Amino acid sequence: MFTRIDYYAGDPILGLMDKFAANTNPRKVNLGVGVYYDENGKLPVLECVKEAEQRIANPISPRPYLPMEGLAGHRKGCQELLFGRDAQILKDGLVATIATIGGSGALKIGAEFINQWFPHAKCYVSDPTWGNHIAIFEGSNVEVGKYPYYDKATGGIKFDEMIAFFDTLNKDDIILLHPCCHNPTGVDLTKEQWDTVLTVIQKRGLIPFMDIAYQGFGEDMDSDAYAIRKAVDMGLPLFVSNSFSKNLSLYGERVGGLSVVCATADEAKRVFGQLIFGVRRIYSSPPTHGGRVVDIVMNDEALHEQWISEVYSMRDRIKSMRLKLKSVLEAKIPERNFDYLTKQNGMFSFTGLTPEQVERLQSEFGIYMVSNSRLCVAGLNTSNVDYVANAMAEVLKA
């Protein structure tokens with residue numbers, strides 16, 4: 001019966017975890033998977049999350065099915081974080097938001113919606129992008145193409161090429177965008193560049209789909225949402241998928257949201273109905289625990305402020321590791337420019353290493369990163385950054 005089933009080659013990023021676990025090098029370092037680790041190399045549990053979970057456990061309560069759209073407080077938290085607490089579109093009921101199973105679940109529900117209601121549309125992703133973007137949309141029968149983005153020669157963005165490409169697309173085509181902390185490159189658009197991108201999107205009748213998984217890890221909560229709020233100000237239809245995996249350190253709880261900005265409250269009601277119908281057809285309703293944590297932290301003033309402070313501490317630690325990595329590399333290879341390391345934002349950095357150099361780091365030093373040279377900066381700490389920098393310098397000079 002199953003003889004014709006193909007083998008699954010495995011996910012290249014998650015597969016690194018197996019290789020890392022099997023390595024016996026006592027100095028091994030995992031810089032592949034996109035997870036924030038603290039100064040001690042541990043996955044943190046935020047203090048605001050501990051408080052929220054204590055409230056959930058006192059008293060321990062039953063676990064009924066949630067509504068298909070998730071908890072109201074979870075959805076409200078998503079909306080206010082993305083659009084601002086006093087956003088007029090929220091007061092006017094122009095945003096349809098559902099709780100989802102992580103950011104991936106939000107992308108999946110959005111892709112299914114697009115396939116059903118915009119079957120003629122093609123989705124374009126940055127070159128490069130997070131690999132699962134392509135898999136999710138193609139898995140929903142949405143054709144996927146790539147738009148110019150990362151410039152290997154300069155370490156920047158092929159901005160003019162990107163704009164020219166957008167100017168050739170068809171009405172209702174979907175542009176998948178990273179509002180901040182671009183994955184995998186760490187190279188973000190400036191506010192002025194965002195203004196230009198959104199103007200072209202408006203002119204061509206394209207639909208932006210913004211995937212924000214690292215809000216607060218770039219500049220700050222509001223600045224990281226600039227592109228989202230600018231699109232709203234311009235009156236654009238808009239999809240936004242967001243995740244609490246990184247900024248609440250709730251990876252395994254799979255907590256996210258999907259928001260769709262509409263032109264009228266009536267449109268928002270109809271879109272909302274189709275989104276929850278999509279949920280019903282796939283997983284029926286979201287899980288309870290993570291949603292309750294989000295509800296409590298996002299809607300309790302004191303816990304929310306504590307959360308912001310904890311996120312910014314994580315952000316600042318990542319920035320300090322970027323600076324340290326850069327300084328050691330500059331000392332080892334003074335003729336080479338490493339400014340890109342501190343210009344990039346968020347958890348990831350494109351290091352410019354070749355696949356062969358990445359393989360050397362693995363085999364000789366036990367340092368693991370993705371073959372395209374993506375390094376998870378959050379995996380660095382004061383105990384391993386010198387070792388990693390010296391190893392990188394070694395393979396770069398060879």
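At 23% relative accessibility, serine 284 counts as partly exposed in this predicted model, a residue found in the loop between helix H10 (265-282) and H11. The phi angle of serine 284 is near 75°, which is a positive value in a residue other than glycine. A positive phi near 75° is also computed for aspartate 172, again in a residue other than glycine. Aspartate 172 is found in the loop between helix H7 (159-166) and E7 and, with a relative accessible area of 14%, is buried, because the cut-off for burial is under 20%. When residues up to four places away in sequence are not counted, aspartate 172 touches Phe118, His120, Ala121, Gly205, Leu206 and Ile207.

Within helix H6 (residues 131-139), the buried residues are His133, Ile136 and Phe137. These residues lie on the same side of H6, because the arc that they cover around the axis is only 90°. In general terms, an α-helix has 3.6 residues a turn, so residues three or four places apart point the same way. The cover over the buried residues of H6 includes helix H5 (102-117) together with the strands E3 (123-127), E4 (144-148), E7 (174-177) and E8 (207-212).

Helix H11 (residues 289-299) has Gly290, Gly291, Val293, Val294, Ile296, Val297 and Met298 as buried residues, and among the elements that cover them are H2, helix H3 (72-83), strand E10 (255-261) and H12. Two of these covering elements, H2 and H12, also pack against each other: the axes of helix H2 (residues 47-57) and helix H12 (residues 301-332) are 8 Å apart and form an angle of about 145°. In this contact, Glu47, Cys48, Glu51 and Arg55 of H2 meet Leu303, Gln306, Trp307 and Glu310 of H12, and by class the residues involved are three nonpolar, one polar and four charged.

Three cavities of 30 Å³ or more were counted in the model, and the largest cavity holds about 60 Å³ of space. The lining of the largest cavity is made up of 13 residues, of which His74, Val255, Pro286, Pro287 and Gly291 are the closest to its centre. Strand E2 (95-101) and H11 are the elements that give two or more residues to this lining. By class, the lining of the largest cavity divides into six nonpolar, five polar and two charged residues.

Valine 377 counts as buried, at 2% relative accessibility, and, leaving aside neighbours within four places in sequence, is in contact with Ile318, Met321, Arg322, Met347, Phe348 and Ser349. Between the C-alpha atoms of valine 377 and leucine 94, which are 283 residues apart in sequence, the distance in space is 37 Å.

Technical notes: Residues numbered from 1 in each chain as written. Predicted model: local features only at pLDDT ≥ 70, side-chain atom pairs only at ≥ 80, totals over all residues. Heavy atoms only, no water. Buried < 20%, exposed > 50% of the residue type's maximum accessible area, 1.4 Å probe, protein only. Helix = DSSP H or I, 4+ residues; strand = E, 2+ residues; numbered from the N terminus. Arc of directions from axis to C-beta. Contact = heavy atoms within 4.5 Å. Axes fitted to C-alpha atoms, helices over the stretch in contact; angles between N-to-C directions. Nonpolar A, V, L, I, M, F, W, Y, C, P; charged D, E, K, R; others polar. 1 Å grid on protein atoms, 1.4 Å probe; cavity = no way out; pocket = protein on both sides within 12 Å on 5 of 7 lines; lining within 4 Å. Points joined across faces, edges and corners; volume = space filled by probe spheres on them.
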